[in-house]
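Me: I have a structure open here and would like to go through a few spots in it with you. Could you take a look?

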Amino acid sequence: MFLCRPPTAPCGNAFSMDDSEALSLIQSAVGGSTDALNEYGIVLDKTALKNSAAALGLGTNIDALDDAAMAQVRLNAILEQSGDIQKAAVEQTGGLTKSIK
């Protein structure tokens, strides 16, 4: 499950902002701007990224990973830490079914 899937889901509700701004924020974080989500309680520090890489079976030497692997590691870390945000977004919209009608 991704924070903003399907594309018509109200991604902005998760961050109390416009959907396009929220998606841009997530894209920035996946791209390496790891401080982008700190104010929302999502921490992408070395420890979180090493744990995410290990969970994906990539080991913990994140410095050896290429850009694509690191993007996946960051996305995985975001998803692991965003359960409360995802839940709030669904509750604020009355559920996914109502949000895409």
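Me: What joins the side chains of Asn76 and Ser52?
Reply: In this predicted model, the side chains of Asn76 and Ser52 are joined by a polar contact of 2.9 Å, where a polar contact is a pair of N or O atoms within 3.5 Å, one able to donate a hydrogen and the other to accept it within protein, and residues adjacent in sequence count only if both atoms are side-chain atoms.

Me: ok, and which residues does Asn76 touch, leaving out those up to four places away in sequence?
Reply: Asn76 touches Ser52, Ala55 and Leu56, contact meaning heavy atoms within 4.5 Å.

Me: Is Asn76 buried or exposed?
Reply: Asn76 counts as buried because its relative accessibility is 16%; buried means under 20% relative accessible area, exposed over 50%, and partly exposed in between, with a 1.4 Å probe and protein chains only.

Me: Where does Asn76 lie?
Reply: Asn76 lies in helix α4, residues 67-81, helices being DSSP runs of H or I with at least four residues and strands runs of E with at least two, numbered from the N terminus.

Me: At what angle do α3 and α4 pack?
Reply: Helix α3, residues 46-55, packs with α4 at an angle of about 100°, and their axes are 8 Å apart; axes are lines fitted to C-alpha atoms, for helices over the stretch in contact, and angles run from 0 to 180 degrees between N-to-C directions. The two helices, α3 and α4, are therefore roughly perpendicular to each other, a label for angles of 65 to 115 degrees, while under 35 counts as roughly parallel, over 145 as roughly antiparallel and the rest as oblique.

Me: Switching topic, where is Ser82, and is it buried or exposed?
Reply: Ser82 sits in the loop between α4 and α5 (83-93), and with a relative accessible area of 0% Ser82 is buried.

Me: Which backbone oxygens does the side chain of Ser82 reach?
Reply: A polar atom of the Ser82 side chain lies 3.0 Å from the backbone oxygen of Ile78, and the side chain also reaches the backbone oxygen of Leu79 at 3.3 Å.

Me: And how many helices and strands does the chain have?
Reply: The chain has six helices and zero strands, and buried residues make up 36% of its 101 residues.

Note on methods:
Residues are numbered from 1 along each chain as its sequence is written. This is a predicted model: local features need pLDDT of at least 70, side-chain atom pairs count only at pLDDT 80 or more; totals for chains, interfaces and linings use all residues. Side-chain values use heavy atoms; hydrogens and water are left out.
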